Amino acid sequence: MELVIIQSESANVEDCVMGIRKNSMEKLGRRGGKISRAKVDLSFGAFMEIRVALLLDKSITMDKGIIVDYSVGRNREEAIKQLQEAINSRMKPHYEVVDFTFGTYTTPVTRRTYAVGLVVYNAPLEKVELREFGIKERRELLAKALKLFQYNPKALNISEIARMFNVSRDSIYYDIEQILKEHRKD
C-alpha cells in the first residue's frame with residue numbers, strides 16, 4: 001500500500017482546479033497500483049483548497065485518475081447542473097468510481113455561485129496480447145500465478161502457457177525455475 005496526497009490552493013477557483021489536474025497527472029501518471037480508498041476535501045472561502053488523499057494497492061495495476069471541474073452560475077441549481085454535465089461528459093462507461101464529491105460557494109459581493117466537483121476513478125488497462133509480453137512481464141505474471149498456487153508448478157499447464165505466450169515449453173520451464181529460485185531466497 002502507498003499513500004499519495006494531492007493538494008492545490010489558490011485565490012482563484014480555476015487555478016485551484018487546474019492545479020489538481022496537473023498534480024494528479026504528475027503523481028498518478030506512471031505510478032502502478034489501483035486506488036483502493038480516497039478521501040476528498042473541498043474548502044471554500046477567500047482561498048479555494050482541494051485536498052485528495054489516495055491509498056494505492058500496489059498488487060494490482062490499473063489506469064487511474066481524478067476528474068475535477070468547476071462551473072459558474074447565477075444560482076446553485078444552475079451551477080450544479082453545468083458541473084454535472086461537464087463531469088459526465090468526461091466519464092467513460094468502464095470507469096470504476098472510488099469516490100466523488102462536490103461543493104458550492106456563492107461570492108458575497110457579486111452573488112456568483114461556483115460549483116466544484118471531483119471524481120476519483122480506476123479503469124482497466126487496455127487488453128494486451130500475451131504474445132506481446134517480454135520476458136520481464138511474462139515472469140511477473142507467472143510469479144503471480146505460482147504465488148496463487150503456493151509455488152507449486154505442477155498446478156500449471158506448461159504447454160498451454162507456452163502457447164499463450166508464443167514461446168517454447170523450455171522457456172516457460174526456465175522462467176518457473178528462476179521464479180522458484182528467487183522465491184527460495186526470500
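Which residues of the largest nonpolar core touch the most other members?

1. The model is a predicted one. Its largest nonpolar core has 21 residues, and those that touch the most other members are Ile-6, Ile-50, Val-52, Leu-54, Ile-66, Leu-118 and Val-120. Two or more residues of this core come from each of β1 (2-10), α1 (13-28), β2 (34-43), β3 (48-57), β4 (63-73) and β6 (113-123). As background, nonpolar side chains in soluble globular proteins tend to be buried together.

2. When neighbours within four places in sequence are set aside, Val-52 is in contact with Val-4, Ile-5, Ile-6, Lys-39, Val-40, Ile-66, Leu-118 and Val-120. There is also a second, separate core of eleven residues, which includes Ile-158, Ala-162, Ile-176 and Ile-179.

3. The next point concerns a pair of helices. Two packed helices are described by the angle between their axes and the distance between the axes. For helix α4 (residues 158-165) and helix α5 (residues 169-185), the angle is about 105° and the axes are 8 Å apart. Angles of 65 to 115 degrees count as roughly perpendicular, so α4 is roughly perpendicular to α5.

4. Which residues make this contact? From α4 they are Ile-158, Ser-159, Ile-161, Ala-162 and Phe-165, and they meet Arg-169, Ile-172, Tyr-173 and Ile-176 in α5. Sorted by class, the contact has seven nonpolar residues, one polar and one charged.

5. Within α4, the buried residues are Ile-158, Ile-161, Ala-162 and Phe-165. They lie on the same side of α4 because they cover an arc of only 100° around the axis. The elements that cover these buried residues include α3 (135-148) and α5.

6. Two loop residues deserve a check of their backbone angles. Tyr-151, in the loop between α3 and α4, has a phi near 60°, a positive value in a residue other than glycine. Tyr-151 is partly exposed, with a relative accessible area of 25%. Asn-166 sits in the loop between α4 and α5. The phi of Asn-166 is likewise positive and near 60°, again in a residue other than glycine. Is Asn-166 buried or exposed? Its relative accessible area is 53%, and exposed means over 50%, so Asn-166 counts as exposed.

7. Gly-29, in the loop between α1 and β2, counts as exposed at 56% relative accessibility. From Gly-29 to Leu-156 there are 127 residues in sequence and 34 Å in space, C-alpha to C-alpha. Asn-75 is found in the loop between β4 and α2 (76-90) and is partly exposed, with a relative accessible area of 39%. The C-alpha atoms of Asn-75 and Asn-122 are separated by 32 Å, and the two residues are 47 apart along the chain.

8. Glu-126 belongs to the loop between β6 and α3, and at 70% relative accessibility this residue counts as exposed. How far apart are the C-alpha atoms of Glu-126 and Asp-63, and what separates the two along the chain? The C-alpha atoms are separated by 8.8 Å, while the residues are 63 apart along the chain.

How values were computed: Residues numbered from 1 in each chain as written. Predicted model: local features only at pLDDT ≥ 70, side-chain atom pairs only at ≥ 80, totals over all residues. Heavy atoms only, no water. Axes fitted to C-alpha atoms, helices over the stretch in contact; angles between N-to-C directions. Helix = DSSP H or I, 4+ residues; strand = E, 2+ residues; numbered from the N terminus. Parallel < 35°, antiparallel > 145°, perpendicular 65-115°, else oblique. Contact = heavy atoms within 4.5 Å. Nonpolar A, V, L, I, M, F, W, Y, C, P; charged D, E, K, R; others polar. Core = buried A, V, L, I, M, F, W, Y, C linked by side-chain atoms within 4.5 Å. Buried < 20%, exposed > 50% of the residue type's maximum accessible area, 1.4 Å probe, protein only. Arc of directions from axis to C-beta.
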